[in-house]
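Reader: I'm new to this one. Can you walk me through it?

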Amino acid sequence: MVWQRMKDLALLLAICLVYFAAGKLGLYFAHIHPSATAIWPPTGIALAAVLLKGPRVWPAIFIGALCVNVTTAGTLWTSLGIAIGNTLEALIGAWLVRRYAHAQYAFDHLASTVRFFLFAALLCTMISATRGVLSLILGGVAVWADLGPIWMTWWLGDATGALIVAPFILYWARRPDIRWGRASSLEGAIMFLLLFVVSAYVFGLRIIRPPYVPYLQPYLCMPIFLWALFRFGRRAATLALIAVMLFAVDAATLELGSFQAGDHNASFGGVGHHE
(Lines give C-alpha, C1' and ligand atoms only; values in the text may rest on other atoms or scores of the structure.)
Protein backbone atom coordinates (compact mmCIF):
# COMPACT_ATOMS: atom_id res chain seq x y z
CA MET A 1 0.00 0.00 0.00
CA VAL A 2 2.79 2.43 0.91
CA TRP A 3 4.74 1.46 -2.21
CA GLN A 4 1.69 2.10 -4.40
CA ARG A 5 1.18 5.52 -2.82
CA MET A 6 4.80 6.39 -3.47
CA LYS A 7 4.41 5.32 -7.11
CA ASP A 8 1.27 7.42 -7.46
CA LEU A 9 3.01 10.42 -5.92
CA ALA A 10 6.00 9.97 -8.22
CA LEU A 11 3.65 9.83 -11.22
CA LEU A 12 1.90 13.04 -10.19
CA LEU A 13 5.22 14.77 -9.60
CA ALA A 14 6.55 13.66 -13.00
CA ILE A 15 3.43 14.92 -14.82
CA CYS A 16 3.57 18.20 -12.92
CA LEU A 17 7.24 18.78 -13.76
CA VAL A 18 6.80 17.88 -17.43
CA TYR A 19 3.74 20.12 -17.66
CA PHE A 20 5.61 22.97 -16.00
CA ALA A 21 8.66 22.65 -18.24
CA ALA A 22 6.54 22.44 -21.40
CA GLY A 23 4.46 25.40 -20.24
CA LYS A 24 7.49 27.61 -19.62
CA LEU A 25 8.80 26.65 -23.05
CA GLY A 26 5.48 27.51 -24.67
CA LEU A 27 5.19 30.88 -22.94
CA TYR A 28 8.69 31.73 -24.13
CA PHE A 29 7.04 32.25 -27.53
CA ALA A 30 4.22 34.43 -26.17
CA HIS A 31 4.08 37.78 -27.97
CA ILE A 32 0.56 39.13 -27.87
CA HIS A 33 0.35 38.65 -24.06
CA PRO A 34 2.74 36.97 -21.59
CA SER A 35 0.09 34.37 -20.73
CA ALA A 36 -1.12 33.61 -24.28
CA THR A 37 0.91 31.67 -26.82
CA ALA A 38 0.19 29.92 -30.10
CA ILE A 39 2.51 27.10 -28.98
CA TRP A 40 1.15 25.23 -25.98
CA PRO A 41 2.31 21.57 -25.64
CA PRO A 42 0.84 21.17 -22.09
CA THR A 43 -2.65 20.71 -23.53
CA GLY A 44 -1.53 17.53 -25.30
CA ILE A 45 0.46 16.40 -22.26
CA ALA A 46 -2.49 16.86 -19.90
CA LEU A 47 -4.97 15.21 -22.26
CA ALA A 48 -2.74 12.19 -22.83
CA ALA A 49 -2.03 11.88 -19.09
CA VAL A 50 -5.74 11.74 -18.22
CA LEU A 51 -6.46 9.29 -21.04
CA LEU A 52 -3.63 6.98 -19.96
CA LYS A 53 -3.78 7.31 -16.16
CA GLY A 54 -7.30 8.50 -15.47
CA PRO A 55 -8.82 11.61 -13.84
CA ARG A 56 -6.78 11.02 -10.67
CA VAL A 57 -3.87 12.94 -12.22
CA TRP A 58 -5.80 16.23 -12.18
CA PRO A 59 -3.87 17.67 -9.18
CA ALA A 60 -0.61 17.42 -11.17
CA ILE A 61 -2.18 19.30 -14.09
CA PHE A 62 -3.64 21.97 -11.82
CA ILE A 63 -0.43 22.55 -9.85
CA GLY A 64 1.69 22.52 -13.00
CA ALA A 65 -0.56 25.07 -14.69
CA LEU A 66 -0.68 27.23 -11.58
CA CYS A 67 3.10 27.26 -11.21
CA VAL A 68 3.63 28.05 -14.90
CA ASN A 69 1.40 31.09 -14.79
CA VAL A 70 2.21 32.43 -11.33
CA THR A 71 5.92 32.45 -12.23
CA THR A 72 5.33 34.12 -15.59
CA ALA A 73 2.82 36.96 -15.38
CA GLY A 74 -0.38 38.07 -13.69
CA THR A 75 -1.40 37.48 -10.09
CA LEU A 76 -2.20 34.49 -7.91
CA TRP A 77 -5.91 34.93 -8.64
CA THR A 78 -5.52 35.13 -12.41
CA SER A 79 -3.18 32.13 -12.27
CA LEU A 80 -5.77 30.17 -10.29
CA GLY A 81 -8.43 30.98 -12.88
CA ILE A 82 -6.16 29.89 -15.72
CA ALA A 83 -5.16 26.68 -13.93
CA ILE A 84 -8.80 25.76 -13.35
CA GLY A 85 -9.51 26.25 -17.05
CA ASN A 86 -6.51 24.14 -18.09
CA THR A 87 -7.56 21.34 -15.73
CA LEU A 88 -11.19 21.35 -16.86
CA GLU A 89 -10.06 21.34 -20.47
CA ALA A 90 -8.08 18.12 -19.92
CA LEU A 91 -10.71 16.37 -17.78
CA ILE A 92 -13.70 17.17 -20.00
CA GLY A 93 -11.74 16.53 -23.18
CA ALA A 94 -10.55 13.14 -21.93
CA TRP A 95 -14.07 12.21 -20.75
CA LEU A 96 -15.52 12.99 -24.18
CA VAL A 97 -12.74 11.12 -25.98
CA ARG A 98 -13.20 8.11 -23.69
CA ARG A 99 -16.95 8.07 -24.21
CA TYR A 100 -17.15 8.80 -27.92
CA ALA A 101 -13.72 8.23 -29.48
CA HIS A 102 -12.19 5.00 -28.06
CA ALA A 103 -9.94 6.80 -25.54
CA GLN A 104 -6.23 6.32 -26.27
CA TYR A 105 -7.13 4.27 -29.37
CA ALA A 106 -8.92 7.20 -30.98
CA PHE A 107 -6.55 7.28 -33.95
CA ASP A 108 -7.12 3.65 -34.91
CA HIS A 109 -10.39 4.51 -36.65
CA LEU A 110 -11.35 7.39 -38.93
CA ALA A 111 -14.63 8.13 -37.15
CA SER A 112 -13.02 8.28 -33.71
CA THR A 113 -10.18 10.41 -35.10
CA VAL A 114 -12.74 12.94 -36.33
CA ARG A 115 -14.45 12.90 -32.92
CA PHE A 116 -11.11 13.43 -31.19
CA PHE A 117 -10.46 16.41 -33.43
CA LEU A 118 -13.93 17.82 -32.72
CA PHE A 119 -14.09 17.25 -28.95
CA ALA A 120 -10.50 17.47 -27.76
CA ALA A 121 -8.98 19.95 -30.22
CA LEU A 122 -11.85 22.25 -31.22
CA LEU A 123 -14.44 22.34 -28.45
CA CYS A 124 -12.76 21.62 -25.10
CA THR A 125 -9.87 23.94 -25.84
CA MET A 126 -12.42 26.76 -25.83
CA ILE A 127 -12.88 26.15 -22.10
CA SER A 128 -9.30 27.02 -21.27
CA ALA A 129 -9.14 29.91 -23.73
CA THR A 130 -12.36 31.50 -22.50
CA ARG A 131 -11.68 31.10 -18.79
CA GLY A 132 -8.05 32.13 -19.20
CA VAL A 133 -8.77 35.32 -21.12
CA LEU A 134 -11.61 36.31 -18.77
CA SER A 135 -9.31 35.71 -15.79
CA LEU A 136 -6.73 38.04 -17.30
CA ILE A 137 -9.27 40.77 -18.09
CA LEU A 138 -11.13 40.58 -14.78
CA GLY A 139 -7.79 40.45 -12.96
CA GLY A 140 -6.73 43.70 -14.60
CA VAL A 141 -3.75 42.34 -16.55
CA ALA A 142 -5.47 42.53 -19.96
CA VAL A 143 -8.08 44.80 -21.52
CA TRP A 144 -11.38 44.01 -23.23
CA ALA A 145 -10.10 45.43 -26.53
CA ASP A 146 -7.56 42.58 -26.73
CA LEU A 147 -10.07 39.82 -25.94
CA GLY A 148 -10.37 38.57 -29.53
CA PRO A 149 -6.66 38.32 -30.45
CA ILE A 150 -5.68 36.85 -27.08
CA TRP A 151 -8.53 34.32 -27.14
CA MET A 152 -7.79 33.19 -30.68
CA THR A 153 -4.06 32.83 -29.98
CA TRP A 154 -4.78 30.92 -26.76
CA TRP A 155 -7.26 28.61 -28.46
CA LEU A 156 -4.99 27.89 -31.43
CA GLY A 157 -2.10 27.05 -29.10
CA ASP A 158 -4.21 24.62 -27.09
CA ALA A 159 -5.72 23.04 -30.22
CA THR A 160 -2.27 22.52 -31.74
CA GLY A 161 -1.04 20.92 -28.53
CA ALA A 162 -3.98 18.53 -28.52
CA LEU A 163 -3.53 17.60 -32.19
CA ILE A 164 0.26 17.16 -32.26
CA VAL A 165 1.50 16.34 -28.77
CA ALA A 166 -1.32 14.09 -27.51
CA PRO A 167 -1.12 11.59 -30.42
CA PHE A 168 2.67 11.46 -30.05
CA ILE A 169 2.42 10.52 -26.36
CA LEU A 170 -0.47 8.09 -26.87
CA TYR A 171 1.32 6.18 -29.63
CA TRP A 172 4.66 6.06 -27.85
CA ALA A 173 2.95 4.76 -24.71
CA ARG A 174 1.86 1.70 -26.70
CA ARG A 175 3.93 -1.25 -27.86
CA PRO A 176 5.97 -0.70 -31.03
CA ASP A 177 3.99 -1.42 -34.19
CA ILE A 178 7.06 -2.76 -36.05
CA ARG A 179 10.27 -4.59 -35.17
CA TRP A 180 13.44 -2.77 -36.06
CA GLY A 181 16.12 -4.80 -37.81
CA ARG A 182 19.39 -3.71 -39.36
CA ALA A 183 17.81 -2.91 -42.75
CA SER A 184 14.84 -1.04 -41.27
CA SER A 185 17.12 0.90 -38.91
CA LEU A 186 19.27 2.02 -41.86
CA GLU A 187 16.17 2.99 -43.85
CA GLY A 188 14.81 4.90 -40.84
CA ALA A 189 18.09 6.78 -40.42
CA ILE A 190 18.05 7.74 -44.12
CA MET A 191 14.43 8.86 -43.84
CA PHE A 192 15.04 11.12 -40.85
CA LEU A 193 18.21 12.51 -42.43
CA LEU A 194 16.19 13.40 -45.53
CA LEU A 195 13.50 14.90 -43.30
CA PHE A 196 16.16 17.08 -41.67
CA VAL A 197 17.48 18.31 -45.03
CA VAL A 198 14.02 18.95 -46.51
CA SER A 199 12.80 20.72 -43.36
CA ALA A 200 15.90 22.92 -43.27
CA TYR A 201 15.26 23.85 -46.91
CA VAL A 202 11.50 24.34 -46.52
CA PHE A 203 11.78 26.58 -43.48
CA GLY A 204 14.83 28.44 -44.75
CA LEU A 205 17.10 27.77 -41.80
CA ARG A 206 20.67 28.95 -41.66
CA ILE A 207 21.96 25.51 -42.57
CA ILE A 208 20.26 25.55 -45.97
CA ARG A 209 18.86 29.01 -46.70
CA PRO A 210 17.26 29.23 -50.17
CA PRO A 211 16.92 32.61 -51.85
CA TYR A 212 13.17 32.20 -52.17
CA VAL A 213 10.71 30.02 -50.23
CA PRO A 214 7.28 29.80 -51.90
CA TYR A 215 4.19 28.68 -50.00
CA LEU A 216 4.10 25.33 -51.79
CA GLN A 217 7.42 24.23 -50.36
CA PRO A 218 6.06 23.05 -46.97
CA TYR A 219 4.25 20.26 -48.82
CA LEU A 220 7.63 18.75 -49.65
CA CYS A 221 7.50 17.18 -46.18
CA MET A 222 4.31 15.23 -46.96
CA PRO A 223 5.97 12.34 -48.86
CA ILE A 224 8.30 11.79 -45.92
CA PHE A 225 5.35 11.69 -43.50
CA LEU A 226 3.74 9.04 -45.70
CA TRP A 227 7.04 7.15 -45.87
CA ALA A 228 7.26 7.18 -42.07
CA LEU A 229 3.63 6.10 -41.66
CA PHE A 230 3.51 3.22 -44.13
CA ARG A 231 7.02 1.89 -43.60
CA PHE A 232 7.54 2.46 -39.87
CA GLY A 233 4.09 2.92 -38.39
CA ARG A 234 2.27 5.63 -36.50
CA ARG A 235 4.91 6.11 -33.81
CA ALA A 236 7.51 7.09 -36.41
CA ALA A 237 4.98 9.33 -38.17
CA THR A 238 4.21 11.25 -34.98
CA LEU A 239 7.95 11.59 -34.27
CA ALA A 240 8.47 13.00 -37.77
CA LEU A 241 5.62 15.45 -37.20
CA ILE A 242 7.16 16.63 -33.92
CA ALA A 243 10.53 17.07 -35.65
CA VAL A 244 9.03 19.23 -38.40
CA MET A 245 7.12 21.25 -35.82
CA LEU A 246 10.42 22.02 -34.03
CA PHE A 247 11.90 23.17 -37.33
CA ALA A 248 8.88 25.40 -37.96
CA VAL A 249 9.11 26.96 -34.49
CA ASP A 250 12.83 27.59 -34.90
CA ALA A 251 12.25 29.17 -38.30
CA ALA A 252 9.50 31.43 -36.97
CA THR A 253 11.77 32.50 -34.10
CA LEU A 254 14.53 33.40 -36.57
CA GLU A 255 11.98 35.10 -38.87
CA LEU A 256 12.74 32.66 -41.67
CA GLY A 257 10.69 30.32 -43.81
CA SER A 258 7.35 30.29 -45.57
CA PHE A 259 5.11 31.32 -42.69
CA GLN A 260 6.44 34.76 -41.88
CA ALA A 261 3.58 37.23 -41.50
CA GLY A 262 5.42 40.36 -40.42
CA ASP A 263 4.45 39.74 -36.80
CA HIS A 264 5.91 37.16 -34.43
CA ASN A 265 2.56 36.06 -33.01
CA ALA A 266 0.99 35.67 -36.44
CA SER A 267 4.03 33.74 -37.67
CA PHE A 268 3.54 31.23 -34.87
CA GLY A 269 -0.08 30.75 -35.92
CA GLY A 270 -1.78 33.28 -33.68
CA VAL A 271 -3.35 36.64 -34.40
CA GLY A 272 -1.16 39.59 -35.22
CA HIS A 273 -0.99 42.76 -33.17
CA HIS A 274 -3.35 45.54 -34.10
CA GLU A 275 -2.06 49.02 -33.62
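**A first look**

Author: Buried residues make up 47% of the 275 residues in the protein chain. Buried means under 20% relative accessible area, with a 1.4 Å probe and protein chains only. This is a predicted model: local features need pLDDT of at least 70, side-chain atom pairs count only at pLDDT 80 or more, and totals for chains, interfaces and linings use all residues. Residues are numbered from 1 along each chain as its sequence is written, and side-chain values use heavy atoms, leaving out hydrogens and water.

Reader: How many helices and strands does the protein chain have?

Author: Ten helices and zero strands. Helices are DSSP runs (H or I, at least four residues), strands are E runs of at least two, and both are numbered from the N terminus.

Reader: What share of the contacts is between residues 24 or more positions apart?

Author: Such pairs account for 69% of the contacts with a separation of 6 or more. Contact means heavy atoms within 4.5 Å.

Reader: Start with α1, then. Which of its residues are buried?

Author: Ile15, Cys16, Tyr19, Ala22, Gly23, Gly26 and Leu27. They pack against α2 (42-53), α3 and α4.

Reader: How do the axes of α3 and α4 cross?

Author: At roughly 145°, coming within 8 Å; α3 is residues 58-70 and α4 is residues 76-100. Axes are lines fitted to C-alpha atoms, for helices over the stretch in contact, and angles run from 0 to 180 degrees between N-to-C directions.

Reader: Which residues make the contact?

Author: Among them are Trp58, Ile61 and Phe62 of α3, and Leu76, Leu80 and Ala83 of α4.

Reader: New topic. Which residues touch the most other members of the largest nonpolar core?

Author: Leu47, Leu51, Ile61, Val97 and Phe116, out of 33 residues. A nonpolar core is a set of buried Ala, Val, Leu, Ile, Met, Phe, Trp, Tyr and Cys residues joined through side-chain atoms within 4.5 Å.

Reader: Which element gives the largest share of this core?

Author: α2, with six residues.

Reader: And what is valine 97 in contact with?

Author: Leaving aside neighbours within four places in sequence, valine 97 is in contact with Leu51, His102, Ala103, Ala106, Phe116 and Ala120.

Reader: Last one. Why does threonine 43 count as buried?

Author: Because its relative accessibility is 5%. Threonine 43 lies in helix α2. Leaving aside neighbours within four places in sequence, threonine 43 is in contact with Glu89, Thr125, Asp158 and Ala162.

Methods: Buried < 20%, exposed > 50% of the residue type's maximum accessible area, 1.4 Å probe, protein only.
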